[in-house]
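Dear colleague,

I am handing over the structure below, and my notes on what was found in it follow.

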Amino acid sequence: MGAIGLSFGSPTSGQGFNVTTTVASLVANMQAAEAPYNTQLTSLHSQDTVISNLGTLMSTLSTDIENLSGATGALSALTGSSSDTGILQLTGASTGAVAGTHSIVVSQLAQTASAYGSAVAATDTLSGSMSIQLGSGTPLTIAVDPSNNTLSGLAASINNASAGVTASVVSGTNGEQLSLVSETSGAAGAFTVVSSGLTDATKGTSVAFTAGEKAQDATMTVDGIAASSSSNTVTSVLPGVTFQLLTSSTTPVQVNIDNDTATMSTAVSTMVKDYNAVVTALNTQEGNTSTGGAEPFFGNPLIATIQEQLDSAISGSSTGDANGIGAIGVTVKTDGTLTLDSDTLATALSTNFNSVLSLFQGSGGVGENLTAAATSLGNTDPQGVLSLAATANTSQETDLKATLTSMNTNITAQTATLTASLNAANQTLQMIPVQLQEVNTLYDAITGYGENK
């Protein structure tokens, strides 16, 4: 702490001194003792920012690894094709599908049962009743009364009755007609309609119903095996595979289910990119900032610990033929970052897929090792390296803030004491000329000195 010299000026001038300036100088001297604590606190806050950024990058990398090592991740992605999209279109190949080729012959498309009534003018009044029977179930009777005695009113009553069909009023060339379509596709959706005396009371004619489309399942053979589907969107014949039947034909359609190498390649490329982001952020801490000062973790063993564990994890091997990441075109550079040869990766995925799978999902492989490293190093696990570093910083910051609060409290108290003391001293100095004058006057009165002068 530097010395503070107080200047009170001439003691007989009566001007005193500037208390505010003097107190500010004294307080500034006391506050200088706080500088090391504030500097340390600033350094810890800078480290907190680095820890948070590294934690975010590590979390992103962990997500990438999970996408490659998970059973339902990118390496389970499949794609497919149809040799004749006019007959059959492949619309999906999900987890559970098996790569391979199938021959499908579509002999019959699925149809949804329908029926329609005879034409009735929109303004005509209906009477009587009708019944709808779905399959061999109990017939449901819809009675006509003043609340539903129009064609649109009857359609609403049918829909509200949950009869298993959907009723609509269609404006055809013959006029307004009631359309009934089964809510169940295929053979199971067959229904019958009995008009039971349903009548157009305005014209005095009966309303008859005619069968429209016949209820039937789609039928086909898959690799010579007979199969059927209640819908033309077939989901249950080949596990994990969805395809759309468009027309029947005696011509076999070849369906190919393949590994989705494009999705897989993108996932590996993303993992490499995000791994490099982590390593680059770590390498940055080994140098200086743009202003020339050391990075927050310069020389800190935390950085070396993370770098070593990541390097060990990425260099791990598996039991498959792809014995290490080099087999899929990934190379570790001298600075710890990775490069990816997309052609080598494409070849590995096409010709040695099981080995790639083993690399990321097998015991002791890169996927398992990186998953463990990301967990032990990150900030999502309370015992992770970054989590522990953040906790340690928080503890130090709490202690420093407590110390600074105590020092500030003491400075505030001393400021009040100094201000009061110096104000009193200043007042005394300002009174000295007056007191001297009083002494001189008294002296003159006693000695007559002033009068003789």
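**Strand pairing and a helix contact**

Valine 234 has phenylalanine 243 in β17 as its bridge partner, where strands (E, at least two residues) and helices (H or I, at least four) are DSSP runs numbered from the N terminus. This is a predicted model, in which local features need pLDDT of at least 70, side-chain atom pairs count only at pLDDT 80 or more, and totals for chains, interfaces and linings use all residues. Residues are numbered from 1 along each chain as its sequence is written, and side-chain values use heavy atoms, with hydrogens and water left out.

β16 and β17 (residues 241-245) pair in the antiparallel sense over two bridges, pairing being assigned if DSSP finds at least two bridges between two strands. Three strands form an open, antiparallel sheet in the order β2-β17-β16; β2 (88-93) and β16 (233-234) stand at its edges, each with a single partner strand, so one side of each is left without a neighbour in the sheet.

Elsewhere, β18 (residues 253-259) runs antiparallel to β1 (residues 78-82), joined by five bridges, and five bridges also join β18 to β3 (residues 100-108), again antiparallel. Asparagine 256 in β18 stands opposite serine 81 and opposite threonine 101.

As for the helices, the axes of α2 (residues 35-69) and α9 (residues 385-447), which are lines fitted to C-alpha atoms over the stretch in contact, with angles from 0 to 180 degrees between N-to-C directions, come within 10 Å and cross at roughly 155 degrees. That makes α2 roughly antiparallel to α9 (angles over 145 degrees count as such).

Best regards

Terms used
Angles under 35 degrees count as roughly parallel, over 145 as roughly antiparallel, 65 to 115 as roughly perpendicular and the rest as oblique.
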